[in-house]
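Hi,

Here is the structure I promised to pass on.

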Amino acid sequence: MNKRKNMLTVTFVLLILVLGATLTFASTEITIWSHFDAPEHADRLNKELLAKFNEAHPDIHAKFEQVPWGSAHEKYLISMVTGNPADIIFYPTTIWGREFWNLGGLEPLDNYVKNWENKDKILDVAWKYSTFDGQIFGIPIMTLPYYLYYRADWFEELGIEPPKTREEFLSVAKKITADLDGDGKTDRYGYTLRGARGGNVAWESFVMPVLKKEYDCKYVRDNGDSTFRLPEAREANQWFVELFTKHKVTQPTGATDGFAETMQVFQSGLAGMLQQHVSVSGPITKALGSDNVGAVLTPTVKGNRATTSAMHHFVITSASKHKEEAWEVLSWLTSPEQAVVFNKIREGTPVIKNVGEYDPYFIEDKFQRISVEQLSDTFLSQPLETLGTFFESAWPENFQKTLLGEITPDEMMDNISKALEGK
Amino acid sequence: MKKFVTGLFIKARLQESSKYMREKKLPYLLIAPALISAGIIILYPISKGVMMAFQHYNFLKPGLLGQFNGVNNFIKVFSDPKFYIALKNTLYYVGGSVGGQFFLGLILALLLNRKFKGRGLVRSIVLIPWVTPGVLAALMWKWLYNGNYGLINWLLSDFGVIKEYIPFLSQTLTAMPAVILMTIWKGTPFVGIMFLAGLQAIPAKLYEAADIDGANWWQKFINITIPLLTPIIIITLILRIIWTANDVELLYVMTEGGPGTSTLTLPVYVYKILKGSLDYAYGATLAMCLMGILVVSVYFYIRYVRKSGVNF
């Protein structure tokens, strides 16, 4: 009798397991590749965001998979060439998007979007950066435009206002730069300069404004010549270089300082201004105290303001075997209610109209507020094949040589122009 | 009867021959799995790299992927001014790093070969730089050299050696020497341990005989230590030259080849090409050029040494 009872129990348990397994495997797996600025983001997004979706959609199981930032570009590109990318990819720049699109790696989303109830809830400027060749390639979800952080306590102490123009910026930087203890050494500097790879974003915010009205912030004109050969661009570059070479309002290591070093310079109180995006506001306020840090829009240059949009998109890959299900996931993730949760976890700025209605945090937080405001003065980096070379080597190498006096600012502009033109 | 015996003899010889053949083939069969694995892991990537050097292989132009490109990649390399900058920097980096490791490694080995209390512990501790992961070592030294907060600057300033902090990695003049110093710190323990093993193989009787003959320490060093250590020196230097010439992580983490191109070596240039323009064919061509230079250099080095009468 006991033996029979045990057999029935074992059989029942096995049946449950098999049923569970069947139900699990019956759901469609949708994988989302994404890089993350912090290791815990993937875990939080899966648990706090996607878990809700998976619960409401038992026939679909979506999950984020972390891709290291350093290899994300190659991984996405090569997987599209070889035909085995994830169903959905999240990436940070339309430059990559243009490459993926040219490869035929992205699924056009026009047919999905035209009947989508949330399409009019996304900012127009975000949609502007979401099409190639007249077709929608991805859904914009997050933006990280650069703006200007400043030491509010120092500004108050010196009785100065945050700068609105390039000229005010220099004036303020000079006032902050000081030898505080009279030992002949400068103890603090006005501006945190980033000369290593990635520093071109801040540099462009001082050069691109002069190329905004006539050239729409393009790197290369239709005739194939780089806009950096133009006199107004050269003048803007010269002005920026002189912050280091002539006015000495930047830290002496600025020529080769990268992200980590510039964050350290600002957080340790060596410099009074830093250009960065909203996702670093947490560490900065933790180090300096929220009251001691302010944020303003990047200064205007000759009446114009421009900084790269850093528009992040979700895309469906053309190789995905579950495009309909992928759209279910993607449209849910990018709905306003979920987009604000996503951006809060990812420390980005949503591209939703009236974002404060969905989460007042994005209006109340001074850094998010500036980030949203900065959006209207952003530009899309012109997607050129040579842009990778420009970012990786042409700009940092030539900018560093210029700062160290090995080449002139004009020679720098000639060299980076050649690189952009593909010569 | 005669035929029977002949038949038996032939059969025995055939059996012997068959056994001989089996025994001859057996070692190859036994090492075949290892050879095949090594071949796949080593030979396939190398041959793929060589093939790529003669092809189009840019992931931004997938339509041309794998198409034959003749020697155009090599023409591009030899007409690229940056190739020569990177080559010059590679020679500077390898010469400075390996030279420093040789001298310090020899001194270290001579010291560790002496008897003193705690020698075993010291021999273990000196290995720490060698076993520290490259990325970690590079990051640590990057912060040590930092021109705003670095420990090196702080010590030099505190001892009155400098008045103002030096941005070691932000100046063309000091960046490469700074990186070379870090590489010497990292590589010296390996060289020292290799030389120590060589020193310990030298028979003590030779030194005793030299003592009897009245030789001083320098004479013993030149006439006994160096000649008998030479085979180890050669092997160690060859290994260090190859490893240092191929290094990417230490340089890229510390300077990314900057400031400007002052620390841009060939492997770092290859890495930047792959990351920036995704032109794997061009990167492979640069790598092949480096491989060729190393192979030729090592060949002539070994040939020269053998002609000098050193057997190893």
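Let's start with a definition: a charge sits over a ring if NZ of Lys or CZ of Arg is within 6 Å of the ring centre and within 35 degrees of the ring normal. B:Lys76 does this, its charged end sitting over the ring of B:Tyr282 at 4.5 Å from the centre. In chain A, A:Arg188 lies over the face of A:Trp154, 4.5 Å from the ring centre.

Before you read on: this is a predicted model, where local features need pLDDT of at least 70 and side-chain atom pairs count only at pLDDT 80 or more, while totals for chains, interfaces and linings use all residues. Residues are numbered from 1 along each chain as its sequence is written, chains are lettered from A and ligands numbered from 1 in the order in which they are written, and side-chain values use heavy atoms, without hydrogens and water.

Now the interface. Contact here means heavy atoms within 4.5 Å, and 32 residues of chain A are in contact with 31 residues of chain B. Between the two chains, about 2,700 Å² is buried (accessible area, 1.4 Å probe, lost on putting the two parts together and summed over both), with carbon and sulfur atoms giving 56%. A:Glu385, A:Glu392 and A:Glu397 supply 20% of what chain A buries against chain B, more than any other three residues.

The interface of chain A and chain B also has four salt bridges (a side-chain nitrogen of Lys or Arg within 4 Å of a carboxyl oxygen of Asp or Glu). One of them joins A:Glu397 to B:Lys272, with the closest N and O atoms 3.3 Å apart.

Cheers
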